[in-house]
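Hello,

Here is the structure I said I would pass on. My notes on it follow below.

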Amino acid sequence: MSAMEAVAEQVFVALADPTRRSILAALASGGPATATDLATRLPITRQAIAKHLNLLTEAGLVAAEPGERRRVRYRLHSAPMRVAQQYLAALARDWDGRLDALRTHLEGS
């Protein structure tokens, strides 16, 4: 598995869960936030948000930053998302070429 494929896989696993997508959307619209801040915006406990934030951090989609009074703030990090987009674009190019070849073959028959 290539490095690009590994990053894309982590992104896809992270995005597969609707709660994690909601957390990412909240960070995208509201900026950096603590797990407690996110719990006030989303219908989920702070403990559950913390677990999801750990997975999002492992996938590289959020970065933990020290905040005031030892509170950790999470900031959206888009680089892994761009890698996943590049991976999907490469797959699409491969499939487009194969589908074009199939179309040409079928039209020639």
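Is H52 buried or exposed? The model is a predicted one, and in it H52 has a relative accessible area of 14%. The cut-off for buried is under 20%, so H52 counts as buried. This histidine sits in helix α4. Leaving out residues up to four places away in sequence, H52 touches D17, T19, R20, I23 and I44.

On the nonpolar core: the largest one has 20 residues. Within this core, the residues with the most contacts are I23, L38, L53 and L56. The elements that each supply two or more residues to the core are α1 (3-15), α2 (18-30), α3 (35-41), α4 (46-58) and α5 (79-108). The largest share, 4 residues, is from α2. As background, nonpolar side chains in soluble globular proteins tend to be buried together.

For L56, once neighbours within four places in sequence are set aside, the contacts are A14, R20, I23, L24, L61 and V62.

On the first helix: α1 has 13 residues, and the distance from its first C-alpha to its last is 18 Å, close to the 18 Å expected at 1.5 Å a residue. Its buried residues are A8, V11 and A14. Viewed down the axis of α1, these buried residues fall within an arc of 125°, so they line one face of the helix.

Regards

Terms used:
Residues are numbered from 1 along each chain as its sequence is written. This is a predicted model: local features need pLDDT of at least 70, side-chain atom pairs count only at pLDDT 80 or more; totals for chains, interfaces and linings use all residues. Side-chain values use heavy atoms; hydrogens and water are left out. A nonpolar core is a set of buried Ala, Val, Leu, Ile, Met, Phe, Trp, Tyr and Cys residues joined through side-chain atoms within 4.5 Å. Buried means under 20% relative accessible area, exposed over 50%, partly exposed in between (1.4 Å probe, protein chains only). Contact means heavy atoms within 4.5 Å. The expected span of a helix is 1.5 Å times one less than its number of residues. The arc is that of the directions from the helix axis to the C-beta atoms.
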